[in-house]
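Reader: Could you walk me through reading cavities and helix packing in a model?
Author: Gladly; let us look together.

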Amino acid sequence: MRILSGIQPSGMLHLGNFFGMMRPAIELQEKGEALYFIADYHSMTSLFDADQRRKNTLDVALDFLACGLDPKKSVFYRQSDVPEVTELSWILSTLTPMSLLEKGTSYKDKVAKGIPVNHGLFAYPVLMAADILIYDSNVVPVGRDQKQHVEMTRDIAIKFNEQYGETFVIPEPQIREEGALVPGVDGQKMSKSYGNTIEIFGEEKATRKKIMGITMDSRQPAEPKPDADKNLAVQLLKLIAPAGVGADFEGRLCAGGLGYGDLKKALFENYWNYFTDARKKRAELAANLDYVNSVLTEGATKARTLAQKVLKRARKASGLE
């Protein structure tokens, strides 16, 4: 089984990234041949500062390795270090209907919110399809919000296979239902685009202030809250606290007598404890950047070896060779 997933260096990684993609990916490296990449090409649709992209790319590498990615068990690389991906993206784009891309929920959501869009954002699913197909990936672990992109990849691959003969492996999305859609501090999906994130390695004082600033309703502590399961802090506690802690706070909130301030304090404390070991590991990695860069370089070499075989197959099938 070959597993493929990527993550954008478009800003500090957050709990949505961790529970939606990173933790499932780290668990899967024990179950198959795993390839994980830093999607710096994809970040170009929304980030236009070159120095910031370089910093973010390094930060993603540090974050992922600190959280448990093992380069001995998986291939970890920068997307832009595998130029075969962009060539395959062009090949796939010639068979991708405009109507398919117009259905993209990520594209439509940003348009609806008035976020500026560009061709890269519109064509994002084609580049993502190339990322996946060029390694004969079988399994693609994604958050629920990315499931459509994998389905679009399947559509594109099937269309290519029908046109030029069996060339690509048809991948399957693997979605972790628990934590697959992590709420942000405003109740929407946690996303850097919405400015509602809680960072994995956020500075202590700033993160405490962000969590304590989560807006709650005006009900008094003594009032029972039968809708406690919908409370944002409770939902996040269930992700980062030890088993049973989130359910316990939900029960106390439901019964009445628990203040929102105490609930948010518990959320911060459990968040801070959850990433204690990872923060220590990250500091060690940051002091040894030669090692981090060597991991990415070696990963790209391994990835290109696989990519070149599949690209050659696609070029031959489509008449480019």
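Author: We take the cavity, then a pair of helices. This is a predicted model, where local features need pLDDT of at least 70, side-chain atom pairs count only at pLDDT 80 or more, and totals for chains, interfaces and linings use all residues. Residues are numbered from 1 along each chain as its sequence is written, and side-chain values use heavy atoms, without hydrogens and water.

Reader: Which residues line the largest cavity?
Author: Lining residues have an atom within 4 Å of a point. Among them are Leu-101, Tyr-107, Phe-122, Pro-125 and His-149. Helices α6 (105-112), α7 (119-122) and α8 (124-133) each give two or more residues to this lining; helices are DSSP runs (H or I, at least four residues).

Reader: At what angle do α4 and α8 cross?
Author: Axes are lines fitted to C-alpha atoms over the stretch in contact, and angles run from 0 to 180 degrees between N-to-C directions. The axes of α4 (residues 84-93) and α8 come within 8 Å and cross at roughly 120°. The pair is therefore oblique, the class left after under 35 degrees (roughly parallel), over 145 (roughly antiparallel) and 65 to 115 (roughly perpendicular).

Reader: Which residues make the contact?
Author: With contact meaning heavy atoms within 4.5 Å, α4 brings residues including Val-85 and Leu-88, and α8 brings others including Leu-127 and Ala-130.

Methods: 1 Å grid on protein atoms, 1.4 Å probe; cavity = no way out; pocket = protein on both sides within 12 Å on 5 of 7 lines; lining within 4 Å.
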